Every structure is written in structure tokens, then in C-alpha cells.
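Subject: Handover of a structure and notes on it

Dear colleague,

Please find the structure below, together with its sequence.

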Amino acid sequence: MNKMILYKEWLKTRWVLLGILLVFAAIGFYCFLNLSKVVEIRGGALLWEAMVAKDAILVDVFRYLPALAGIFLGLAQAVPEIQHKRLKLTLHLPYPQKRMLLVMVAFGLLILALLYALQACLSAVLLAQWLASELVSRILRTMLVWYLAGWAAYLFTWALCLEPSWKMRVPVVGVASAFLYLLFLSRMPEAYNGFLPWLLAYTLLSGVLLFHGVARFKEGAQD
Amino acid sequence: MKRIGQIFLWGSLALVALWVIPSVVNLMTLEGYSTPFTLYSCTVHDFTALDRGEGSDFRFIDTKGNVYGDEAQPMFYASLLASKGALPDSIEGRKISLEEIEKNKVIVSVRPKDVNKTSAPVYLLMESVPERLELQDPEDALVSRKDGIYVYNMEKNVLLEEKTARLRKALDSLGFAYPAKLFAGNPSHHKAYDEGYLVTDARSRVFQLKQVNGTVQVRTFPQADNLGVKYLTITEFENHATLGYLVDADSRLHMLVPDGRVLPTGVTYVPEKEDLLVVGDLFYYTVKTSDDKGEHFWALRSSDFYPVASYERAYPSGRSLPGLRFTSSLDNWVKPRFK
């Protein structure tokens, strides 16, 4: 059954995933082409100087990409479920409901994690040709909160879609907006280092909103 | 699970309210407050605060309420006074010239945000004796690691093994304990000369690392060995009066002078919490430290940094609505704080 659920999620998301992958590739290509031109024309020392003296991160263009990917992937998975109340059918399948939802969401989180890992690894390899490992790891540590925002955006998108009434969507939107705003509050490198474990715990905990929405859906809550 | 979801949602909303509402209320109700620019005067021998008198030019008021004109700050307004022919020939029995006054002007400003941040352990290394006389953009960088300080060529991103080995030998010969804790430097060519970096080792001893003709030279300051330096900054001013400022474990400010002596100043300064402003001239350095409660001024004699006067100014007690905040004017980190 797990395989069937995963296959269903794959069918729902493959084109969106391809789109996300293409956008990541295009923006990544642009970013590193830009950096390579800077190195070619003005020298590699400029990248070091920008990072050390101006607190630049060099890959700022990636900042909102993970969150956007999370939103689009969440929509691709959750919208088909709520259209024409198809969720009712899904919940009637001979499989534990909570487990099914967990598998669906875990699929998305895992896909996003793989995408983010791929982006981070490729960035590290490309940046390492110009920068010392300390500067590369500084960039990667700064990117961690962007990836966390991707997971948070994904889970809150699911939660919003599964919530059956608009009245309750308002507080969910409020919490989601405030949390995402918090994750993008500072542009300083490594500003979130000490706070990241707590933010990760909160992000994972926000998954309970999905079950909250499903429970309300089963109760027949509506506007 | 529904109950947990409800608790999570309403708990999160309560946190958002605790964050947003006090911020908005404070933004609407708090009034700005500024204090007058204050310097110690070498003619009045008191602190004088700049004040805009009604319908007249700027004036200065000392701590006893006496009012003066520009002549109260002949060092700060030397050019203006000279243009009016009002610059005195001598002050405190010492002959002065406009050139000498300009050469001895010093301004240093440090904010807690400059101190409280996560920095990369990479430090751009300038050549202090450039071939073409003018300082050039740095080509190499020091990378501080647990087991040593490494020299990299930034252009090629390669470790300069020979240069690193020479630096290690120099550091080892002076008993440098790795890893380095603090680095203070100003790798910019917008300065008169380069003094490299002041560095503390794992035992908080102070060293100077400076590139001279392609070799990183190392120097120690034995007088600073037992201070437990917790903060330092380098000064590269035209008058060469100081090499840097040191703050010891008890938050006392010391002046490190080029001959290696460490001079106490009587100033207490907590870099993590207070702003520091130093305005120095030929006769006196005015040192101001400030936090959210008020300002503390010291006047130091420029010749030996001996404190000759001090003055405090408290801010009016404005009450802000306490709430949850994630950023602070004191640091660059995002983390929760309730105040």
C-alpha cells in the first residue's frame, strides 16, 4: 500500500517537480555564471572581500527558492485531494488514515530535502573552487534557514488546504505568515545558527495542523 | 490529534500576538530622544554640550550651565576658527598649528552589533609596505583554524605553504597558543598606513600580525599578557598615538601604544552591551560609553591617557511595553528574547 500511495504522490507531483527542478537549475546556472564572470573580470579576491568585509552571501538569489518550491509542491499534492472532496475517498481506503497522511507528507518532505541537498552540494562544489572551506561552510550554514523555510512553507500549505473552513484558515494563515516572516527576518550570515534547532522542532510540530484539519474535515466542519 | 492541533494553533497565535502587539504599540507610543554632542574642552576644561540657541549660531554649554561660542572647542572647529582668524596660537602653554590639529584628530566608534555577530574566521591581509607607497587591495588572507593560522592567496584560492610555515614558525617561537580567539584589523586602503591585525591567542595574550614585504611578522605585548583581553580594536590614525584599544576581563579600557606599553584609562566599557565613541584631539580624548540607561563620559589626557574628568548623563526613563522580540539593537542574531 505504501508503494501505491507513493506512486499516487509521484503522479500528482512529477510535472511540478520537473518545473521546480528546472527553475532551480536555471537560477543556479545564472548565479554561478554571474559569479564566474565576476571572478574572470575582477578576480577571485573580490568574492573573499565581499564575504569578509561586506557580509555578502553570494548566493542570495536562492533565498526564497526553497520556500516557493515548498508551496508549489504542497499545492500539487494537497489541491487534488481537496478538489471535489476527494479526500473523503482517500480517507476511506483500507489503510490507517494518519499513516496515509504521514506517508504523503513524508514523500514531499523527502523530495524537498533531496532537492535542497542537491542544490547545497552543487553550490558547495562550485564555490569551493573560489573560496576557502570556512567561507563555503558559512554560506551553507546561512542557507539552512532558507531550506527550513521550504519545509515550513510546504507543511503550512498542506495545513491550509486540508482545513475545511475559511474561518479557521485565517488563524492558520496568520501563524504561517508570522513564522515565514521570522525565517526571513535577517539577512546577516549565520544569524539563525543558535536558534535553528528550535525552529526545526517548531516546523516539524506544525505538522499537527494537518491532522487537525483532517479531523475537522471528518467532523464535517464548513463555513 | 485534533486537541494537540488546537493547542498548537492557539498557542502559536498567542506567541504571534505577544510579538506583534507590543511592537506596534511601542512604535506608536515611544518618542525619540537625542542627546547633545558632548566633548571635553581644552579651553574650558569641562565637558561642553552642543546646543542650538534661539535664532543664533551653535553654542556650547558646560556642565555648570555656562554658555560659550566656538572657542570652547577650538580643536573640533579648528578650520572654522582659523578661517575667522580666531584660532589661538597656543593652548595650555603649547604652540599649536592647524596642520598639527588636523593630524591629531581621532574618531573611533564601536557598536555592540559590531561585536555580537558570527564572523567567518577569515581575515584579509594587506601589505603594510606597499611597493607603490599607497596601500593596495589585499591579495592574501589569513584563515584561522583550531590548529593554526594559514595564509591563502585569494585570487587562486590556494594555501601558501611556505608563507604559512614561516608564520607558524614565528608564532611558535613566541609561544602562540592555538586557536586564535580574537582578530581586530581594518583591511581597507582608506587609511594612512596599515598595522595588520591585533590577535589574541587561546590564553588571551595579545599579538600583532603584520605583513611587511611579503612576510607576516609577529610581535607580542608582554604588558597585556595578564589582562585577559576580551575585546580589542586596532587604530591606524595619522598621529600614531595608539596601536589599538584593549578591554580586559573586568571591562576596563586600556590603550596599547606603538612602543608596546599598555596604558590604563580608568574607562569601563562593556563591548557586548555598550556603544563606544572616542573623539580625540591634540590635548584630550573624550570617551563616551552609552547603553539604554544613559551616557558616561571620560576625558583622557592625550599625552598619557590619564583620566582627568568624567561626567554622566541619564536618559529619561521611557517605558516600553514588554513583549517577545527576535532581533535586538545589540546583536545580529535572531533568537527569542522577552523584554
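This is a predicted model: local features need pLDDT of at least 70, side-chain atom pairs count only at pLDDT 80 or more; totals for chains, interfaces and linings use all residues.

Residues are numbered from 1 along each chain as its sequence is written, chains are lettered from A and ligands numbered from 1 in the order in which they are written, and side-chain values use heavy atoms, with hydrogens and water left out.

Chain B as a whole

Chain B contains 5 helices and 25 strands (DSSP runs, numbered from the N terminus: helices are H or I with at least four residues, strands are E with at least two). Along the principal axes, its C-alpha atoms fill a box of roughly 80 × 60 × 35 Å. Of the 339 residues in chain B, 45% are buried (under 20% relative accessible area, with a 1.4 Å probe and protein chains only). Among the contacts in chain B with a separation of 6 or more, 44% link residues 24 or more positions apart; a contact means heavy atoms within 4.5 Å.

Two sheets of chain B

In chain B, 4 strands form an open antiparallel sheet in the order S1-S2-S3-S4; two strands pair if DSSP finds at least two bridges between them. Strand S1 (38–40) and strand S4 (67–68) of chain B each have a single partner strand, so one side of each is left without a neighbour in the sheet. Within this sheet, strand S2 (residues 47–52) and strand S3 (residues 58–62) of chain B are joined by 5 bridges, and B:Thr48 stands opposite B:Asp62.

A further open antiparallel sheet of chain B has 4 strands in the order S16-S17-S18-S19. Its edge strands are S16 (231–234) and S19 (262–268) of chain B, each pairing on one side only. Strand S18 (residues 252–256) of chain B runs antiparallel to S19(B), with 4 bridges between them; B:Leu256 has B:Val262 as its bridge partner.

A helix of chain A

Which residues of helix H2 (residues 45–54) of chain A are buried? They are A:Ala45, A:Leu47, A:Trp48, A:Ala50 and A:Met51. These buried residues pack against helix H1 (2–42) and helix H6 (133–162) of chain A, together with strand S8 (122–125), strand S9 (140–145) and strand S10 (148–153) of chain B. After H2(A) comes A:Asp55, with a positive phi near 55 degrees.

With kind regards

Technical notes
Buried means under 20% relative accessible area, exposed over 50%, partly exposed in between (1.4 Å probe, protein chains only).
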